[in-house]
Amino acid sequence: MSDGPLIVQSDKTLLLEVDHPRADECRKAIAPFAELERAPEHVHTYRVTPLALWNARAAGHDAEQVVDALIGFSRYPVPHALLVDVAETMARYGRLRLEKHPIHGLVLTSVDRAVLEEVLRSKKIQPLVGERLGADSVAVHPSERGNIKQTLLKLGWPAEDLAGYVDGEHHPIDLREEGWTLRPYQREAADAFWHGGSGVVVLPCGAGKTIVGAAAMAHARATTLILVTNTVSAHQWKQELLRRTTLTEDEIGEYTGTKKEIRPVTIATYQVMTTRRQGTYRHLELFDARDWGLVVYDEVHLLPAPIFRMTADLQARRRIGLTATLVREDGREGDVFSLIGPKRYDAPWKEMENQGYIAPAECVEVRVTLGDDERLAYAMAESDERYRFCSTTPAKTRVTEALVRRHADEQVLVIGQYIDQLDELGEHLNAPVIKGETKIKERERLFQAFRDKEIRVLVVSKVANFSIDLPEAAVAIQVSGTFGSRQEEAQRLGRVLRPKADGGGARFYSVVSRDTVDQEFAAHRQRFLAEQGYAYHIIDADDVGEEDPAR
Amino acid sequence: MRKMTGTDFGEWLRGRSDERLRALVAARPELVTPVPAHIDGLAARACSPSAIGRALDRLDRFSLSVLETLVLRPGPADRETLLALLARAVPGGSDGSGGSVGEALGPALDAALDLLATRALIYGPEDALRPAPGVAEALDPPAALGPPVAEVFRHHPPERLDVLLRDIDPAYKGGGPAVARLAALLADPATVARLVGEVSPQARAALDELVWGPASGRLPNARRDVDAASAQSPIEQLLARGLLGATGEETVALPREVALVLRDGRVHRDLSPGPPALEGPVRDQDLADRTAAGQAFAFVRTVEELCEVWSVDPPGVLRAGGLAVRDLRRTAQLLDLPEWAAGLVVEVAHAAGLVAVGEGDWLPTGGYDGWRIKATEDRWAVLADAWATMERAPGLIGERDDRDRPLNALHPDLRRPGAAQMRARTLAVLESAPPGLAPTPESVLARLAWEQPRRRPALRDRLVRFALREAEHIGVTGLGVPSSHGRSVARGDGGAAGLLAPLLPQAVDHVLLQADLTAVAPGPLTTDLGRRLALMADVESKGGATVYRFSEQSIRRALDAGHSAGDLLAMLERHSATPVPQPLAYLVGDVARRHGRIRVGVASAYIRCDDPALLDEVLADKRAHLLRLRRLAPTVLASKTSRAALVDSLRAMGYAPVAESLEGDVVVARADARRTEGRLAARVTAAAAPDPETVTAAVRAMRAGDSRRRPVEAPGGEVPRSPATATISALQEAIRQGSRVWIGYLDSQGHATSRILEPARMEGGYLTAYDETRATVHRFALHRITGIGEIGG
């Protein structure tokens with residue numbers, strides 16, 4: 001019996017014991033073909049999916065390597081059925097290829113005639129292909145390059161896209177490594193992307209994905225369209241590009257709700273791109289506005305459906321996707337694979353943590369108990385009022401005060417959803433409040449003061465963190481706020497909670513009302529954060545006064 | 001030449017040693033069911049068409065070829081003649097230089113002759129071997145040859161034969177027995193060569209196709225009048241020369257003599273003295289063992305999962321029996337298996353007696369509970385044995401039968417006679433594979449076809465392929481290589497569990513607790529720990545390890561089962577390799593804090609009264625004890641007695657109660673896991689050889705029959721007579737020595753008979769003895785025994 005660090009489960013998840021001496025070696029071996037699903041403290045869970053296996057194939061791994069890795073590191077015998085499944089799934093990638101053709105432009109060729117016949121019989125494929133050019137190839141309408149890849153993937157025969165890319169409009173972009181250098185993994189990621197042509201780079205939160213994007217742009221040296229989730233990240237991208245590259249303010253345009261600049265490097269938000277008026281997308285022309293040489297997709301796992309459709313038409317341009325996870329809540333991982341590209345780089349998460357590039361924040365959930373009167377009122381409240389009621393209990397204000405007192409010498413950010421509550425908190429804490437109605441000038445002044453540590457505590461509303469660049473803080477206290485998706489929340493936390501200069505992690509408190517819907521939301525958050533490897537504690541409000549009860 | 005008769009064969013058989021007879025009976029058990037009275041009976045039965053057919057079915061290709069060669073010889077043959085004949089058919093054997101195949105031929109022939117003689121398919125002295133009576137008929141046509149000339153042309157009108165002979169034989173002047181003359185001509189190589197030389201190349205090509213069989217073909221208007229001059233088509237050219245003959249209105253055949261000439265003296269084409277080698281990729285045997293063990297582990301778990309699911313949510317039994325397609329599909333989804341594999345799991349569980357029909361549902365049996373607590377390797381051995389011997393073809397699930405009805409899992413129609421035997425033979429072939437070889441299905445099929453070329457049960461190839469696929473899924477093979485525990489299953493030596501055990505994950509007694517509220521058991525848990533964890537957490541993922549997830553509900557479940565928060569935490573601490581994460585401890589505490597604050601009970605009826613004093617009175621009444629009253633509040637009593645009974649009792653106690661409506665009455669019932677007694681699924685013991693005792697007894701009985709017949713026939717073979725005292729003492733002596741005696745006995749009608757007995761016991765005026773002439777144990781009245789004699793020669 002071997003004593004490997006890996007346990008292969010029958011549902012195709014792989015459990016990696018991280019404290020095992022061979023864990024690092026094993027992680028390197030399985031990372032190409034398995035997606036990290038959960039990373040709590042002792043046992044990490046990877047999942048082997050068809051997409052992950054095809055990613056591995058695209059990266060040049062073959063079934064034998066995968067099987068060897070599974071058998072070699074597995075503690076227990078690996079069920080044969082699983083090995084067969086792996087081999088069969090991997091063999092499906094690359095049987096079909098999209099290639100350039102001097103006369104027909106784009107052709108679909110196959111080394112396996114039966115497969116070609118099978119897919120050509122599909123009703124979904126028929127409208128996408130043209131003339132049959134022989135036993136092993138068929139012409140494809142160049143405009144359907146993305147659609148056919150999507151459809152083939154759904155049929156289970158993902159095509160390898162070897163048709164190449166257009167260069168796009170040349171534009172000089174260089175990295176300006178002054179006072180900083182590209183981290184080794186960032187360089188590797190950018191190189192891996194460039195050699196692969198198009199694809200996705202997976203890096204954990206806080207690992208500097210923007211810089212990988214910048215390095216990719218320096219490779220392409222061409223006009224670039226950057227698609228980001230929201231205005232905050234648009235700002236951040238711009239700041240980062242100005243700081244890290246030779247690009248100047250004039251060369252970078254923002255295409256957001258308020259500004260519509262089209263420049264050699266243009267940063268657009270998903271929101272703007274997916275805005276519809278009278279049933280049509282108003283800003284589609286942006287894709288054709290310039291001869292883009294590179295399209296960058298930030299947070300690929302949040303890419304909205306309309307963007308996918310637009311991307312299907314952009315298959316001749318180089319595309320790089322950046323993300324912390326390939327897992328999508330809507331299950332459209334397949335579209336990422338076929339339209340953006342296969343995974344080109346996966347970061348050694350644990351290693352980066354060991355080298356101090358990232359530091360997980362520590363999360364503390366503080367539970368407050370509602371008073372008897374409040375509980376009765378809560379039980380009688382309408383269901384749509386319940387959340388507001390329980391999340392704005394006065395008890396939270398008291399706890400927040402105590403927390404702020406405890407972190408008396410650190411920069412503290414208090415985040416909430418309800419303005420009344422925030423105003424009250426501002427009053428109690430004697431801190432300025434930034435909310436939707438706060439003027440931009442005033443916001444920027446306050447943020448600058450916060451960064452300069454003139455103000456120690458800042459109360460911000462949820463609205464605020466969409467429109468302005470939220471500064472980094474050592475301590476964040478969230479008093480209210482429901483969340484769209486777990487990933488969205490992790491993104492936000494990741495942005496707020498950067499490792500501090502001294503290398504220590506940040507603290508994130510959420511104040512939660514016990515036995516209410518507030519606690520249910522918190523349970524989701526707890527699971528997600530713990531799975532992401534953040535330390536998580538739960539304490540009672542009464543314990544807040546004590547000296548660091550979490551430790 | 002002496003005419004062969006059944007008597008010759010009988011005499012030869014009688015001359016065989018007891019040992020050889022035992023070997024015969026062991027190899028052809030059908031000859032002794034029932035046991036023939038004597039050797040002649042055995043001989044007669046051994047020559048019956050059905051018995052010979054069965055014996056031939058068991059022959060491998062080479063032995064069959066030897067027998068066919070012998071049958072085609074006109075008279076008896078010796079070994080050397082056969083060797084020469086066979087050597088021509090073996091590639092590389094005919095040149096006499098003796099290639100490796102040629103060298104192997106001699107020993108192979110000896111082995112084959114010994115086998116054929118043992119099975120009484122040939123007989124006679126070594127220099128004059130003959131096929132046993134009936135063999136030639138059973139083998140007809142041998143070696144894919146057509147009928148002999150005499151038969152082909154028997155029904156041709158004399159004028160046709162006349163034309164034919166004139167065309168063939170320049171010397172023919174008419175007259176004489178035409179068919180015999182034709183036969184002589186067509187058996188002559190020179191004549192055949194001349195005739196073949198006369199026909200067109202197309203005709204020769206047609207001839208070549210028929211030479212190695214099948215020797216007949218269809219031809220419309222086969223009985224046409226043709227002669228060499230008028231022959232048009234290639235076939236007509238052949239017909240005109242007797243190289244083909246019409247055997248029916250629309251069939252023509254190549255006469256046997258012609259074929260043998262064209263076969264160039266060979267009876268068979270590429271004859272191989274040994275079985276074809278198994279082919280396939282070679283892999284590391286250890287790796288294969290481990291992989292197979294992994295699959296075996298997964299299979300056992302799957303069966304367990306199936307039974308667990310079915311014990312709370314059993315699928316119904318179809319009216320015609322079996323499991324609905326929909327239920328199978330659901331089961332497949334649940335087990336995360338393709339449907340064929342789910343069908344296999346269900347069928348094996350059934351064959352192993354773990355699930356059966358109960359109350360219209362498919363339910364786990366009581367046997368499942370016994371199976372579940374065994375060690376994994378033993379559980380696997382039970383499943384593997386059940387699979388190996390089940391007379392059903394799970395591979396057919398989902399297909400449609402002759403009447404186009406779907407074949408459902410667990411349906412009686414899935415029974416396929418011969419399935420178990422085919423599986424057993426496939427396993428035997430796998431067992432014979434050298435270590436590390438993963439035999440391809442084709443080579444397994446080729447081997448099976450060589451071993452029993454005449455036996456082609458319906459679906460043979462498919463059953464073999466099913467067996468190979470299932471073997472892999474069950475973990476008998478790994479990476480296609482027969483595993484060591486799988487080989488043991490094939491041998492049926494009961495050592496499979498022992499070989500499998502060291503390859504399986506060892507039970508662990510700890511888990512890893514994590515802050516995301518999961519616990520990972522890095523191996524199968526010890527039973528006790530497994531049960532406790534299953535109580536307080538939900539299983540999220542199974543395999544080599546088990547991932548459990550703690551949730552409010554699961555913790556509450558554990559608290560409901562009577563554990564306290566302290567118990568649970570202490571248990572976790574004791575069995576965790578790492579400290580208990582704070583969120584988990586908090587969760588346990590938090591759930592416990594709220595647990596049990598609201599209490600729910602069961603009551604059938606209540607008594608309500610505004611005057612507490614009156615209720616005090618009721619409670620104090622001794623007669624009220626039987627009503628099982630409980631005071632919930634000063635003015636309310638709850639009772640488990642029914643409302644009607646309560647009212648009656650209170651009236652009897654002298655009160656005047658009034659029944660209230662049943663509103664608010666709570667009945668809590670929890671459906672328990674269900675079980676059925678279910679008969680153990682019928683197990684088919686593979687058509688195994690009869691056990692040695694049976695064989696010995698059978699031979700003894702037949703010999704006894706012979707001995708009886710012979711003394712009777714012998715002159716002076718009179719019923720023995722001796723004085724009663726001498727008889728008794730002689731019987732006692734025989735009992736002591738265990739020897740046989742010949743007695744005279746008056747039967748119930750008063751006829752004098754004689755018996756050969758092996759006396760066993762004498763008491764109460766009766767002798768208990770084994771009656772060899774009737775092959776039964778019988779009681780004989782001592783006073784009717786007329787005398788005793790020695791067993792004559």
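Tutor: What follows is an account of one helix of chain B and its two helix contacts, and then of other parts of that chain. The coordinates belong to a predicted model, and every value below is computed from it.

The crossing of α21(B) past α22(B) is right-handed. On the α21(B) side the contact is formed by R425(B), T426(B) and V429(B), and on the α22(B) side by V444(B), R447(B) and L448(B). Sorted by class, this contact of α21(B) with α22(B) holds three nonpolar residues, one polar residue and two charged residues.

The other partner is α24 of chain B, residues 484–491. Here the axes of α21(B) and α24(B) come within 9 Å, with a crossing angle of roughly 130°. That angle falls between the ranges for roughly perpendicular, 65 to 115, and roughly antiparallel, over 145, so α21(B) and α24(B) are oblique to each other. Their crossing is left-handed. From α21(B) the contact takes L427(B), A428(B), L430(B) and E431(B), and from α24(B) it takes R487(B), V489(B), A490(B) and R491(B). The residues of this contact divide into five nonpolar and three charged, with no polar residue.

A further local picture in chain B is that of L500(B), which lies in helix α25, residues 496–500. L500(B) has 29 C-beta neighbours inside 10 Å and therefore counts as buried, the cut-off being 20 or more. Apart from neighbours within four places in sequence, L500(B) is in contact with A293(B), A296(B), E377(B), W380(B) and H485(B). L500(B) is also 8.9 Å from A381(B), C-alpha to C-alpha, although 119 residues separate the two in sequence.

Another helix of the chain, α5(B), covers residues 61–72. Its twelve residues reach 16 Å from the first C-alpha to the last, close to the 16 Å expected at 1.5 Å a residue. This helix is mostly covered, with nine of the twelve residues buried; among them are F62(B), L64(B), V66(B) and E68(B).

Of the 793 residues in chain B, 41% are buried. Among contacts between residues at least 6 apart in sequence, 67% join residues at least 24 apart.

Chain B also touches chain A: 33 residues of chain B are in contact with 29 residues of chain A. On the chain B side, the elements that give two or more residues are α16 (285–312), α23 (460–474), β11 (518–521) and α29 (582–594). The most comes from α16(B), with nine residues. By class, this side has 16 nonpolar, twelve polar and five charged residues.

Conventions: Residues are numbered from 1 along each chain as its sequence is written. Chains are lettered from A and ligands numbered from 1 in the order in which they are written. This is a predicted model: local features need pLDDT of at least 70, side-chain atom pairs count only at pLDDT 80 or more; totals for chains, interfaces and linings use all residues. A crossing is left-handed if the near helix is turned anticlockwise from the far one by less than a right angle, and right-handed if clockwise. Helices (H or I, at least four residues) and strands (E, at least two) are DSSP runs, numbered from the N terminus. Two residues are in contact if their C-beta atoms, placed from the backbone, lie within 7 Å. Ala, Val, Leu, Ile, Met, Phe, Trp, Tyr, Cys and Pro count as nonpolar, Asp, Glu, Lys and Arg as charged, and the others, Gly among them, as polar. The expected span of a helix is 1.5 Å times one less than its number of residues. Axes are lines fitted to C-alpha atoms, for helices over the stretch in contact, and angles run from 0 to 180 degrees between N-to-C directions. Angles under 35 degrees count as roughly parallel, over 145 as roughly antiparallel, 65 to 115 as roughly perpendicular and the rest as oblique.
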